[in-house]
Amino acid sequence: MFGDTANKLILDGKRSSNLSNIPIYQSDLVKSIVRETNDLNKDAEYLIEEQEQLQGTQDQENSKINQCQLFVTHLSMRRNKRCLLAYEKLRADKITEFCWLNIDPIETSTSSSSTNTNVNQSANSNNAVNPLTKNLNNYTTSLDLNNLNHFEQDFFKQYQDLIMEFKSSFEDIDLSGDLNPPTNIFIDVRVLKDGGEVTTEYGSFNLIKDSQFFVRKSDVERLIQQGYLEEII
Amino acid sequence: MVLPKNLQGNLMPSEITFLAENELITILPRYSIKKIDLIGTSIPNLRAMRRELVPLWVALILKSQDKCNIVPPKWLTVAYLKERYDDEIRKPLQFSDLPWNWLELSKILLEKAPDDLSDPVDQLRTVIQDLRETRLVKSKKGLKELNESNIQLNGLSLLEINELRPFVIPVMNKLRQLYETTQNNTVNTGDQEMEDASDDDDDA
């Protein structure tokens with residue numbers, strides 16, 4: 001029946017809507033839906049021609065049947081379109097969610113974007129749960145660029161640029177920082193993985209695994225986000 | 001959306017605590033500190049052993065450095081809370097009068113300033129727990145009354161309302177939709193249903 005493949009796509013989207021990553025793009029399903037829609041469009045054009053021929057004659061009965069057919073064809077097309085849009089919107093939303101977290105995407109593809117950090121090392125693909133993302137359930141916290149199709153990758157890059165542009169007008173506020181309200185100004189942190197040298201107002205310290213520091217929270221928030229440090233409560 | 005799903009339309013407990021920390025509270029400074037002008041508030045001149053009103057978050061910072069004692073609010077005593085508890089028992093249909101932030105404030109003070117409280121901490125904890133449980137039972141009972149038009153929650157505190165919100169609001173929305181569709185005996189019911197279907201936020 002018309003719309004069955006679209007339904008399959010929607011079910012797939014529903015299943016993946018609460019995952020923490022973005023599953024692979026269903027290009028086959030999308031292609032077959034587009035094909036179906038094209039076929040429906042051809043039908044519609046044919047039906048319109050028929051309709052014009054019937055207009056002249058006095059055949060009311062057939063004209064009504066034809067109109068009904070045309071109507072159903074259009075409805076099926078619209079339904080396909082809605083399903084495709086819903087699927088794409090879901091994925092786009094997940095991509096934007098990920099962008100705001102400021103974590104580097106998993107770099108399995110050749111094209112990779114690394115955000116500028118004061119750590120002289122780009123994050124490699126580690127599947128450790130970030131301390132920041134522990135309390136975000138149903139939230140996109142990892143992204144594999146290979147699972148996106150070409151246009152989505154473009155969207156991802158441009159959206160990142162948009163965020164950068166937006167943030168540049170608020171120089172001293174980190175808009176993509178931790179969403180929890182501040183509690184203490186100074187915190188104890190433990191280093192989870194080796195970094196490099198980090199410089200704060202109070203001098204620099206070396207990130208060596210398992211060492212602990214007592215630092216100002218605002219200085220290390222970035223590093224906590226990237227999973228180099230964890231707060232000791 | 002930029003905000004995570006669990007932050008949309010509801011507050012996190014940590015956010016409620018943050019709001020509670022803006023309440024003013026009386027402290028008894030141990031040292032004299034000059035006036036500090038902040039962006040939001042200003043901390044007045046503190047003189048030793050002279051009571052002052054400051055925001056709770058300032059009080060907590062001073063307390064952690066042993067520079068002041070916090071004067072507990074007058075409702076944070078076993079006697080007062082016991083009275084409230086008896087009220088709760090006596091009037092099964094309403095909530096007794098407690099401050100808007102009573103749960104958060106008592107939690108913060110019991111944790112950070114247990115030595116300043118007039119009553120032993122364990123007794124306070126017991127009576128607070130009792131109060132909390134009776135009120136919870138009441139609010140659960142009150143959920144029977146959910147309808148499509150309104151609900152009255154007099155005397156519930158912010159944290160308690162926040163616990164109810166994610167359940168109550170979707171239920172009331174659904175009830176409202178159902179009610180509206182039954183009320184609409186017009187010709188264009190079909191259109192109405194189409195609209196409702198598109199308005200549905202899928203909370204399935």
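This briefing covers chains A and B of a predicted model. Local features need pLDDT of at least 70, side-chain atom pairs count only at pLDDT 80 or more, and totals for chains, interfaces and linings use all residues. Residues are numbered from 1 along each chain as its sequence is written, chains are lettered from A and ligands numbered from 1 in the order in which they are written, and side-chain values use heavy atoms, with hydrogens and water left out.

**Chain A overall**

- Chain A has five helices and five strands. Helices (H or I, at least four residues) and strands (E, at least two) are DSSP runs, numbered from the N terminus.
- The order of elements from the N terminus is α-α-α-α-β-β-β-β-α-β.
- Chain A has 233 residues, and 37% of them are buried. Buried means under 20% relative accessible area, exposed means over 50%, and partly exposed lies in between (1.4 Å probe, protein chains only).
- Take the contacts in chain A between residues at least 6 apart in sequence: 73% of them join residues at least 24 apart. A contact means heavy atoms within 4.5 Å.

**Aromatic pairs and a charge over a ring**

- Over all chains there are five aromatic pairs. Rings of Phe, Tyr and Trp (its six-membered ring) pair if their centres lie within 6.5 Å; planes under 30 degrees apart count as stacked, over 60 as edge-to-face and the rest as tilted.
- One of the pairs is A:Phe98 with A:Phe156, which is tilted, at 6.1 Å centre to centre and 40 degrees between the planes. This pair links distant parts of the chain: A:Phe98 is in helix H3 (residues 60-101) of chain A and A:Phe156 is in helix H4 of chain A, 58 residues apart. Both A:Phe98 and A:Phe156 are buried.
- A:Phe166 and A:Phe170 form an edge-to-face pair, because their ring centres are 5.4 Å apart and their planes stand at 65 degrees. A:Phe166 is partly exposed at 43% relative accessibility. A:Phe170 is partly exposed at 33%.
- In chain B, B:Arg84 lies over the face of B:Tyr80, 4.8 Å from the ring centre. A charge sits over a ring if NZ of Lys or CZ of Arg is within 6 Å of the ring centre and within 35 degrees of the ring normal.

**Single residues to look at**

- A:Gln158 sits in helix H4 (residues 150-168) of chain A. A:Gln158 counts as exposed, at 53% relative accessibility. From A:Gln158 to A:Thr96 is 62 residues in sequence and 11 Å in space, C-alpha to C-alpha.
- A:Asp210 has a phi near 70 degrees, a positive value in a residue other than glycine. Its place is the loop between strand S3 (203-206) and strand S4 (212-216) of chain A. A:Asp210 is exposed, at 54% relative accessibility.
- B:Asp66 also has a positive phi, near 60 degrees, and is a residue other than glycine. B:Asp66 lies in the loop between helix H2 (56-64) and S5 of chain B. Its relative accessible area is 45%, so B:Asp66 is partly exposed.

**Annotated regions of chain B**

- An unreviewed UniProt entry annotates residues 13-71 of chain B as "domain: DNA replication complex GINS protein PSF2 N-terminal". UniProt positions are given in the numbering used here, feature names are shortened, and annotations may be inferred rather than shown by experiment.
- Residues 13-71 of chain B are 29% helix and 29% strand, with the end C-alpha atoms 24 Å apart.
- The UniProt annotation "domain: GINS subunit", from an unreviewed entry, covers residues 75-178 of chain B. Residues 75-178 of chain B are 64% helix and 0% strand, with the end C-alpha atoms 44 Å apart.

**Strand pairing in chain B**

- Strand S1 (residues 24-29) of chain B pairs with strand S4 (residues 52-55) of chain B in the antiparallel sense, over four bridges. Two strands pair if DSSP finds at least two bridges between them. B:Leu24 stands opposite B:Pro55 in S4(B).
- S1(B) also runs antiparallel to strand S5 (residues 68-70) of chain B, joined by three bridges. B:Pro29 has B:Cys68 as its bridge partner in S5(B).

**An enclosed helix in chain B**

- Helix H4 (residues 102-112) of chain B is largely enclosed by the rest of the structure, because eight of its 11 residues are buried.
- Among the buried residues of H4(B) are B:Trp102, B:Leu105 and B:Ile108.
- The buried residues of H4(B) pack against helix H1 (13-20), S1, H2, S5, helix H5 (121-142) and helix H6 (158-183) of chain B.
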